[in-house]
Amino acid sequence: MSQSEFETNLNSADSAVAVFERDDRTFLSNVRNAVRNYPTLVPALVLIVSILIFGIIAPRFLSPGVLSLVLQQVTVIGIVAIAQTLIILTAGIDLSVGAILVLSTFVMGRLSVSYGVPLPIAIAAGMAIGTLMGAFNGFLVAKIKLPPFIVTLGTLSVFTALKLWYSGSESIRNSDIEANAPSLLWFGEAAARPFGATITYGGIALILLAAVFWFILQHTAWGRHVYAIGDDPEAAALSGIKTDRTLISVYAVAGLICGFGAWVAIGRVGSISPISFEEINLATITAVVIGGTSLFGGRGSIPGSVLGALIVGVFTTGLSLAGVDDYWQMFAVGNLVLIAVALDQWLRRATQ
Amino acid sequence: MKNITHNLEPVLQAKGLMKRYGTVVAMNGADFDLYPNEVLGVIGDNGAGKTTLIRAISGATAPDHGVIELDGKLVNFHTPDDARNAGIETVYQNLALSPALSIADNMFLGREIREKGIMGKLFRKLDHKQMETFARDKLSELGLLTIQNINQAVETLSGGQRQGVAVARAAAFGSKVVIMDEPTAALGVKESRRVLDLIQDVKSKGIPIVLISHNMPHIFEVCDRIHIHRLGRRLCTVDPKIISMSDAVAMMTGAMEPPPEALAAK
Ligand SMILES: Nc1ncnc2c1ncn2[C@@H]1O[C@H](COP(=O)(O)OP(=O)(O)OP(=O)(O)O)[C@@H](O)[C@H]1O
Ligand SMILES: [Mg+2]
């Protein structure tokens, strides 16, 4: 093969390939690399440290009862945060998760309590409606190419209106559920009571669901595609990923998770109310961000979001046990969000 | 000057491709032929429309008009995935890698290998190990990466190493046609040499290659035929064994008319 003159020395060139001897092994860059490679490290540490600190401030906090109460409090937020994580990983956002959740609770409740539909069918219908609403969001984002923020701001109002219409602005009482469809409340029951802690089936469901979606994101092609789309949608499409189809499926799966969360929520609350869970949209975004998932997409994890939800729960419960007013709890959580976003920016700068 | 004639049918052919971006005409009746077993060079000024042409051929951009034929059969690629499934593999000028994903993930994006057995069948679990081994082998062949780096995120690689990943990916998976849009732009002398060698390897497997480059020595070294692109269309094709580099550049910039037989031999 012909070679240009200036290349003649190549044959005698060192054939060893670049060895990555990096000279930037400062403490800070080590920390940065560790955080980048193990994104759940920071929320895990924050959770442990905050539990210890609140244990010192308010010793009652460290009792199994209180700690398990935190888990119960964040069960529904945690489940919906899994849905929110999937969407944020694609560089999207979903402001309609709360409306999907509550509308699904009403489908389940109305069908089983008011119309006597067998429970499995009522639950399946509620989850199907949730999936459908999610898919509608996904369709508008992927096919009509509208920004996710605007799409879900719109469907937030649409789904909320549907929720109020379908519920007739009336709650379904706990006594009616217990009389007609007691299994709807199953996730609120205690599965075990070790050392005075109360572990509900809902809490177990949260952990299992998180494990399932961790597996899906890390170990299936669909999961890798979710990351790729959030990372660089153009590159993902050129790499042969069907981005539209994947995006729609992400929103639909998020809707399905919200539908499942609806069942858990009925057990957690004990009744079904059209004005419940009004703050869950922002609460899930908060949990996701504190859990280390980037709002710009492509980076983050499911366990991180569950940890994020737990951190918020620890802060609010811990501060209220310490006798701190509500608004200071908000203040603290707000600061956590800002710190988490700043940390994400710092990590991104390091790589670009 | 001898005509470059072909008794063979083209593997890949495009006729009369048009593409407008607002008022910019990126392709203005562009034709294109790629014959079996050849390395076709595509040269042209910046903005001549080379990238637009190959994006149309690889399903990344939908042309406004014109037809594309693969093995004489009309094809209509709606997505890059369609072209990939037809065996056309492309190194894009902007590389098309996902920065936060690992090298192995990137190599197999959109064609992941699942584990054998129940975990793969039922739970669709990916065979990370097999994909990593394959990616590592391909990259060592290209001599661009050390073994322990296969799981590092692409964003932590240098520009040249990223280009190496994209080239290795295309060369490994192209079964019908491999297209490379400036694959050596970011590469050093040694690495460029490896890519040129790789092009010969791919050719020796019987797969034709399209090489877009501004590097005339590279083009003249590895190409069997050169397609000169100018103002959104093919000006002519020339034989690098007959024509000189300076003449090719003169034609490509409009300083010289192409010889009539080169026009005829389109
Ligand atoms: N997505 C786009 N939107 C608008 N204009 C575009 C787009 N893509 C290409 N063009 C225009 O089309 C023309 C041809 O661009 P193209 O990238 O195909 O050129 P090229 O021959 O590959 O150039 P280079 O050698 O610099 O890579 C240019 O004028 C460019 O500005
Ligand atoms: Mg180009």
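Author: In this predicted model, helix α4 (residues 97–114) of chain A packs against helix α12 (residues 280–290) of chain A at an angle of about 125°, and their axes are 7 Å apart. Local features need pLDDT of at least 70, and side-chain atom pairs count only at pLDDT 80 or more. Residues are numbered from 1 along each chain as its sequence is written, and chains are lettered from A.

Reader: Why is α4(A) called oblique to α12(A)?

Author: Angles under 35 degrees count as roughly parallel, over 145 as roughly antiparallel, 65 to 115 as roughly perpendicular and the rest as oblique. The angle here is about 125°, and therefore α4(A) is oblique to α12(A).

Reader: Which residues of α4(A) and α12(A) meet?

Author: Val97(A), Gly98(A) and Leu101(A) in α4(A) meet Ile280(A), Asn281(A) and Thr284(A) in α12(A), where contact means heavy atoms within 4.5 Å. This contact has three nonpolar, three polar and no charged residues. Ala, Val, Leu, Ile, Met, Phe, Trp, Tyr, Cys and Pro count as nonpolar, Asp, Glu, Lys and Arg as charged, and the others, Gly among them, as polar.

Reader: What coordinates the magnesium ion (ligand 2)?

Author: Thr51(B), through OG1, and Gln93(B), through OE1, coordinate the magnesium ion at 1.8 to 2.2 Å. Both count as donors because N, O and S atoms within 2.8 Å of the metal qualify (3.2 Å for Na, K and Ca). Water is not among the atoms, so sites may look incomplete. Thr51(B) belongs to helix α1 (residues 50–57) of chain B, whereas Gln93(B) is in the loop between β6 and α3 (103–107) of chain B, 42 residues apart.

Reader: Why does Thr51(B) count as partly exposed?

Author: Buried means under 20% relative accessible area, exposed over 50%, and partly exposed in between (1.4 Å probe, protein chains only). Thr51(B) has 25% relative accessibility and is therefore partly exposed. Gln93(B), at 40%, is also partly exposed.

Reader: What makes Asp197(B) partly exposed?

Author: Its relative accessible area is 28%, so Asp197(B) is partly exposed. Asp197(B) is found in helix α7 (residues 189–204) of chain B.

Reader: How do strands β3 and β8 of chain B pair?

Author: Strand β3 (residues 39–43) and strand β8 (residues 209–212) of chain B pair in the parallel sense over four bridges; two strands pair if DSSP finds at least two bridges between them. Gly41(B) stands opposite Leu211(B) in β8(B).

Notes
Heavy atoms only, no water. Helix = DSSP H or I, 4+ residues; strand = E, 2+ residues; numbered from the N terminus. Axes fitted to C-alpha atoms, helices over the stretch in contact; angles between N-to-C directions.
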